[in-house]
Amino acid sequence: MRSKRNRVRDMALWAAILLTALLAAACAPQPTLELRAAASAQRPPQDPTASLPDQPSIEISADSLGLPLAQDETAHQYAGGSILLQRGDSLHFEVEIPADGEFTLAFDLAAPAGSSPPEGQMRVDGEFPVRDFQRLLFPIFFRSADSTFTQDRYGNDALIRQVRDVRWSNAAARDVNFSQPYPLRLNLSAGLHRFDFTLTEGALYLGTITLQPFVPYPDYAHYLASQTGQESSGFLLALEAELPSYKNNTSVRPAGSRSLTVTPYDTYRLLLNTLGGDSWIKSGSAAYYEFEVPQDGLYAITLRALQNTRSGFTVFRRITVNGEVPFAEFNAIPFAYSADWVDAALGGETPYRVFLHQGVNILGVEATNAPYLPAIETIQAALLDINALALEIRRLTGNQRDPFKEWVISDYIPDVQERLNGIAQRLIDDQATLTAIDPSGASPEVLTYQMAIDNLLFLASDPDKIPVYMSRFSEGAGSAAQQLGSLLPLLQNQPLALDRIAIHSPEVVPITSGAPFLTALSEDLKRFAQSFQPDPYRTIGASDDELEVWVNRSRQYVNLLQQMADATFTPQTGIRVKFSIMPDEAKLILANAADIQPDVALGVSTDRPYELAIRNALYDLRAFDDFDSFIHVFAPGALLGYIINDSVYALPETQDCWLTFYRADILDALGMSVPSTWGEVIEILPELQRSGMNFNAPLSVGAGQRNYIFTAPYLFNYGAPLYSEGGFATGLQSEEAIAGVRFMAESFTLYGMPLTTASFFQDFRYGTLPIGVSNIIDTYVKLVTAAPEVGGLWNIAPFPATVLADGTENRYATGSAQTSIMFANTDQPEEGWEFLKWWLSTETQAAFQEQIVLNYGLEYLWFSANLEAFSRLDIPDEHKAVILDQWAWLQEPVRLPGSYMQERELSNVWNRIVFDGVNPRVAIDRSVITINREIARKMEEFGFLVDGQQVRDLTIPTIATVQGWIDNVD
């Protein structure tokens with residue numbers, strides 16, 4: 001926790017810079033800040049190293065806020081009194097400011113274990129003085145549950161389980177992207193000001209709130225001149241970077257390197273011997289290292305680092321010492337591209353001297369993109385301007401691209417040339433930001449920036465050609481918008497790997513020598529020979545006493561699965577399990593034919609089980625006596641795609657959900673409410689389109705074939721059956737199906753919803769598509785992890801309802817994602833079923849979804865199909881409630897022999913109506929012939945028909961069928 005003395009020291013050091021002016025100020029009486037009612041003015045104690053008195057600051061203690069003080073263990077760890085705030089709690093205090101000035105806010109706080117990351121809002125005099133005060137993010141910390149890496153069954157390092165670390169810290173109010181070089185600044189005029197704080201997410205222990213005048217960091221020369229401590233001598237301490245004391249983001253995780261110069265090193269085993277790389281890219285994510293030095297003094301710091309991810313690109317790290325940035329240069333330390341590991345002394349050949357006090361110190365290494373912020377902001381503004389102008393042009397031209405049609409755009413948009421030149425000029429002005437960091441100008445980022453500028457200048461030279469050259473403006477892979485859009489995350493992300501951190505005396509040079517030639521040659525030969533050995537994680541086959549499980553996921557998931565099974569499932573049941581990464585999901589049928597299939601497979605795509613089951617490759621899970629009693633944790637509609645007659649051949653593992661995503665800020669500005677039905681969606685479309693916006697429909701996503709996940713809900717919600725009674729023909733000829741298909745097409749032909757959305761996520765965050773239907777596995781995860789600038793401005797609502805003539809509202813939507821199956825050829829069916837029950841149980845799924853996020857970050861959010869487990873997922877409760885409500889309407893399309901042809905033809909019907917203008921009935925009639933012919937052929941193939949005559953019955957399952965199984969359990 002930051003102390004008063006440290007805060008004072010920095011401000012006093014900066015005061016030393018101001019020379020004559022501040023000397024005069026020092027002699028004058030210091031102004032006094034007064035707090036009324038809720039706070040009292042305090043002067044921090046003087047720093048003995050300072051020669052000038054400090055600027056005054058205000059500390060608002062928790063016991064002055066009129067709220068009950070917390071009395072638990074966490075509260076008692078704080079030196080002063082503290083309060084515990086829950087979501088929705090508010091507090092206020094008033095401050096009397098005698099003179100105008102800039103101030104910053106800082107909070108002594110701790111986030112309790114088990115709560116979601118705390119967020120808050122701060123109003124000053126009833127307004128948000130800075131936009132980012134609408135969403136203040138407070139830190140949470142994580143630590144490893146053990147001090148050493150455990151080994152998996154193959155001797156390789158496995159990630160240590162991460163746990164929440166409840167610790168007090170002093171956190172300044174910062175921007176949501178953690179991109180600003182300084183904390184948020186408040187311009188306060190002289191007089192009384194009221195501060196209102198509300199906790200909007202999570203829970204928070206709050207101690208002292210500090211309001212202090214803004215003081216820039218001193219430069220290194222002034223910092224060093226103010227130090228009275230002596231240089232240390234003969235000291236060297238090496239810290240393994242992969243084992244930080246704690247961190248504020250679980251995505252900052254250890255990784256393995258095979259370099260001979262990295263420590264530790266092993267020829268054959270994969271060791272987690274570095275930290276970060278591609279996983280340490282987000283600005284604001286930090287790792288902290290606690291260490292001891294024997295005496296007060298000046299020390300140097302050297303990081304053994306590698307940035308080989310982005311050629312010609314420089315990344316930055318913000319360095320803190322005991323919670324403070326000691327001088328300006330530490331606010332953004334550059335790390336240039338390097339092909340191999342380098343010992344980067346902070347400060348170069350003459351390393352910076354940093355004061356450390358005797359005993360425990362804390363070094364923080366934080367990713368920052370602050371040097372690129374001007375370019376980032378310019379690009380974001382340029383994208384908004386390009387999108388706005390492109391919408392005007394499309395509305396004017398009707399989106400026509402006829403190269404032989406001449407347009408005089410300037411007659412309709414008189415300032416078009418001025419706007420294009422303005423966008424280009426602003427980019428040119430800020431190009432200096434990139435070239436200053438990379439003077440060669442040869443980095444891919446600089447070249448991409450220049451190509452976008454060239455496109456804009458080309459169009460500005462003859463704006464009337466824009467309708468023909470939209471591919472160079474806002475659409476297509478080479479457009480200015482696409483180039484700038486692809487450049488944005490490259491500048492925002494700051495990848496860097498660390499091997500070791502050296503804290504040392506300035507005269508000690510901790511250089512890592514390269515491996516001798518013969519040693520390197522020997523190691524290369526050993527590894528070359530080792531490369532011929534099979535990868536144990538992908539090796540097919542298991543011991544006779546092991547259950548073999550293939551997993552259609554990456555190694556991170558497999559390793560965690562193996563750890564959990566070894567720790568809980570095997571001790572409980574005595575059943576040993578061997579997990580392997582699935583070689584190729586598309587070849588499961590071939591693996592079964594070759595008799596090399598596993599006992600169980602996890603992560604199988606939702607359309608695979610039926611194709612395997614109809615060929616007798618899967619085990620009927622409903623053959624187990626307790627099956628019906630087990631499936632109550634799933635949405636009944638999630639099982640429909642895995643049922644053949646009364647047999648079930650798969651269970652859902654993860655689940656997707658189609659929801660309405662909306663920008664609350666934009667809808668409020670337009671005076672719109674969130675639509676609950678498709679009729680209400682149609683009502684708001686004219687106003688959206690007049691404003692250059694639109695509503696994103698599920699069918700707008702992507703291109704090519706529109707699968708059942710997009711088309712089936714239109715049929716379900718109009719009450720249309722997919723198949724005829726008995727399942728031997730399509731059901732598309734019904735009036736309900738025709739009505740559903742007509743609305744599916746008219747959404748685009750009549751109501752003007754966008755035919756294709758390249759990225760709803762990007763359009764949503766920029767506000768061009770402020771509302772629309774999308775899924776949680778893609779859009780929700782991206783909004784939570786990659787769009788902090790719109791945090792708190794968006795929300796979710798259920799899928800729009802279809803209102804039938806009798807007033808019935810239907811919200812059916814698809815949702816299954818991955819499944820778990822057991823193969824029919826297994827010789828351990830009872831063991832396989834025990835494993836599936838363990839894996840899909842509430843406790844295991846809840847533990848897995850928690851640990852995968854703790855190990856790898858929110859990018860790995862796990863949406864379990866087990867509804868009880870999902871209800872424990874650490875996302876906002878209101879979001880969970882909306883998702884669970886929508887999952888009550890989950891309905892997967894039933895699969896039958898030949899149903900893939902109906903899926904394909906539904907997409908073709910939509911294409912014919914939308915693009916060719918074919919009448920819906922005519923388009924459907926044409927497809928019905930094709931679908932029925934294929935269904936009949938497949939029914940013959942699988943023995944339901946012989947010479948065109950039905951010889952076996954086929955039962956079409958419904959949601960009521962599955963619910964009946966659950967309800968009939970004794």
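Predicted model: local features only at pLDDT ≥ 70, side-chain atom pairs only at ≥ 80, totals over all residues.
**Entry 1: a four-strand sheet**

I started with an open sheet of four strands, and I wrote down its order as β36-β37-β35-β38. The pairing in this sheet is mixed. Which strands stand at the edges? They are β36 (695-696) and β38 (794-797), and each has a single partner strand, so one side of each is left without a neighbour in the sheet. Next I looked at β35 (residues 658-663) and β37 (residues 771-775), which pair in the antiparallel sense over five bridges. To find my place there I used W658, which stands opposite N775 in β37.

Is β23 (residues 315-321) buried or exposed? I found seven of its seven residues buried, so this strand is largely enclosed by the rest of the structure. V315, R317, I319 and V321 point one way from β23, while F316, R318 and T320 point the other way. I noted that the two arginines in those groups, R317 and R318, are buried too.

Then I checked the neighbours. Strand β24 (residues 333-335) runs antiparallel to β23 and is joined to it by three bridges. F316 stands opposite P334 there. Strand β27 (residues 359-367) is also antiparallel to β23, with five bridges between them. On that side, T320 has G364 as its bridge partner.

**Entry 2: strand β15 and its partners**

I followed β15 (residues 191-201) next. Eight bridges join it to β5 (residues 90-97), and the two run antiparallel. The antiparallel pairing of β7 (residues 119-124) with β15 has six bridges. In that pair I picked out E119, which stands opposite E201 in β15.

**Entry 3: helices α5 and α10**

Two packed helices are described by the angle between their axes and the distance between the axes. For α5 (residues 373-397) and α10 (residues 480-492), I noted an angle of about 155° and axes 10 Å apart. That makes α5 roughly antiparallel to α10. The crossing of α5 and α10 is left-handed.

I listed who meets whom. From α5 there are A375, I376, I379, Q380, A382, L383 and I386. They meet A480, A481, L484, G485, L487, L488, L491 and Q492 in α10. By class, this contact has 12 nonpolar, three polar and no charged residues.

**Entry 4: helices α26 and α27**

I looked up a second pair, α26 (residues 899-916) and α27 (residues 920-941). Their axes come within 9 Å and cross at roughly 165°. The two helices are therefore roughly antiparallel to each other. Here the crossing is right-handed.

On the α26 side I wrote down Y900, M901, Q902, E905, V909, R912 and I913. Among the residues they meet in α27 are P920, A923, I924, R926 and E934. The residues of this contact divide into eight nonpolar, three polar and six charged.

**Entry 5: helix α18**

How many of the 10 residues of α18 (residues 708-717) are buried? I found nine, and the helix is mostly covered. The buried ones include Y708, F710, P713, Y714 and F716. What covers them includes β35, α19 (735-749), β39 (802-803), β40 (809-810) and α26. Just after α18, G719 takes a positive phi of about 75°.

**Entry 6: single residues**

T104 lies in strand β6 (residues 101-110). This threonine is buried, with a relative accessible area of 7%. Leaving out residues up to four places away in sequence, T104 touches P183, L184, R185, T210, L211, Q212 and F214.

Where is P264? I found this proline in the loop between β19 (254-256) and β20 (272-277). A cis peptide bond joins T263 to P264, with omega about -10°.

D125 has a positive phi of about 55° although it is not a glycine. The loop that holds D125 runs between β7 and β8 (136-137). D125 is partly exposed, with a relative accessible area of 40%.

D595 has a positive phi as well, near 60°, and is likewise a residue other than glycine. I placed D595 in the loop between α13 (588-593) and β31 (600-605). At 55% relative accessibility, D595 counts as exposed.

Conventions. Residues numbered from 1 in each chain as written. Heavy atoms only, no water. Pairing = 2+ DSSP bridges. Axes fitted to C-alpha atoms, helices over the stretch in contact; angles between N-to-C directions. Parallel < 35°, antiparallel > 145°, perpendicular 65-115°, else oblique. Left-handed = near helix turned anticlockwise from the far one by under 90°. Contact = heavy atoms within 4.5 Å. Nonpolar A, V, L, I, M, F, W, Y, C, P; charged D, E, K, R; others polar. Buried < 20%, exposed > 50% of the residue type's maximum accessible area, 1.4 Å probe, protein only.
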